[in-house]
Amino acid sequence: METLITGFFIGCAFGAILYLGGATSYRRIMGTLLLKDMWIIKLMATAIGVGTLGIYVLDIGNLAHFSIKPVYVWGIVLGGAIFGIGWAISGYCPGTCLVATAEGKKDALFTLLGALSGAFIFSLLFPTIEALLIENANFGALTLEHLIGVQGIYLAIPLSAVLLFVAFFGLKDRYQ
Amino acid sequence: MENDYIISWKTAGIALGLLLVVATALVKPLGVSTQFVVTDAMVAHAIAPEFAESNEYLAKYGVPTNWLPGYGWMLVIGMLCGGALTARLFKSRQPQQDRGSMPTLWRERFGHSSVKRNTAAFFGGMLLLFGARLAGGCTSGHMISGISQLALSSFIFGIVTFGAAILMAKYLYRTPS
């Protein structure tokens with residue numbers, strides 16, 4: 001029960017940040033995908049920069065509850081490509097379509113309904129897909145820590161520094 | 001242009017990063033796309049329990065939670081509430097061009113038809129979740145949470161997704177020759 005309440009409040013904060021920070025703005029999202037308006041990518045790079053450092057600081061005290069997704073090359077590459085195409089067509093991703101729906105945007109509600117259908121179609125095709133794309137070339141839950149053989153924090157610090165530098169100083173909007 | 005949202009990308013980015021750290025310390029990292037399956041599983045189980053239990057994928061996400069909402073699902077409900085609440089409180093500070101259900105950019109390129117916009121939004125959503133379930137996550141679970149955990153799968157997902165999305169966006173908004 002406590003976990004459910006925690007989940008609800010983390011979700012509230014997540015939804016509020018996405019709305020207040022303009023992540024539900026079609027103009028901002030498409031601006032980033034058209035490489036003109038760097039707002040969304042700067043927001044994401046900052047979040048990942050702070051998140052990486054924070055998670056690996058937690059990890060030093062064994063306080064991080066990790067959830068690492070396995071590397072199955074075909075499924076991730078194909079799934080990522082399909083996801084990217086859907087992202088550009090709708091202008092939302094699964095999280096922002098929820099928040100934009102709550103905000104009252106009708107096109108986001110249609111994305112939400114499409115998303116529920118897409119998940120349902122996937123569930124019908126799952127047995128075939130699993131055999132072809134998920135069980136083949138599946139290397140398990142790998143992190144750079146395992147791969148490079150250095151304690152995570154020593155990778156997290158430089159990655160975080162690069163991401164924050166790129167977000168704050170590297171990326172510039174390009175309007176003609 | 002730079003500072004025309006309710007909070008800046010810096011504030012939003014730092015807040016989101018800190019929220020991810022808090023979530024990882026308390027329960028687990030942020031993730032959204034799984035909950036679309038959980039919702040499908042709940043609906044399917046209510047309407048046709050035999051079908052839901054026989055569908056390997058729905059059953060995988062239905063049974064552990066006894067077909068009832070868990071942490072991740074409550075997080076998604078929270079997102080709806082947090083979004084709805086802040087949208088009500090701060091609507092007047094949202095930039096004019098970001099209000100309403102018909103994005104200006106879309107209208108200039110594809111016309112006024114809301115049927116066209118909503119159809120595209122629906123099919124885009126379908127591809128989003130089909131792709132996210134195939135890859136195992138979306139922008140939050142794979143890109144933001146995954147890369148923050150240094151997961152190799154998430155770096156691959158991030159590169160492929162941005163690559164495909166940029167190409168598709170450039171194709172949709174190509175200058176007519």
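**View 1. Contacts within chain A of this predicted model.** Among the contacts in chain A with a separation of 6 or more, 65% join residues 24 or more positions apart; two residues are in contact if their C-beta atoms, placed from the backbone, lie within 7 Å. This is a predicted model, where local features need pLDDT of at least 70 and side-chain atom pairs count only at pLDDT 80 or more, while totals for chains, interfaces and linings use all residues. Residues are numbered from 1 along each chain as its sequence is written, with chains lettered from A and ligands numbered from 1 in the order in which they are written.

**View 2. The helices of chain A.** Chain A has eight helices and zero strands; helices (H or I, at least four residues) and strands (E, at least two) are DSSP runs, numbered from the N terminus. The C-alpha trace of chain A spans about 45 × 45 × 45 Å along its principal axes.

**View 3. Where chain A meets chain B.** Here, 106 residues of chain A are in contact with 106 residues of chain B. On the chain A side, α6(A) gives the largest share, 20 residues.

**View 4. α1(A) against α5(B).** Helix α1(A) packs with α5 (residues 71–90) of chain B at an angle of about 40 degrees, their axes 6 Å apart. Axes are lines fitted to C-alpha atoms, for helices over the stretch in contact, and angles run from 0 to 180 degrees between N-to-C directions. So α1(A) is oblique to α5(B), as angles under 35 degrees count as roughly parallel, over 145 as roughly antiparallel, 65 to 115 as roughly perpendicular and the rest as oblique.
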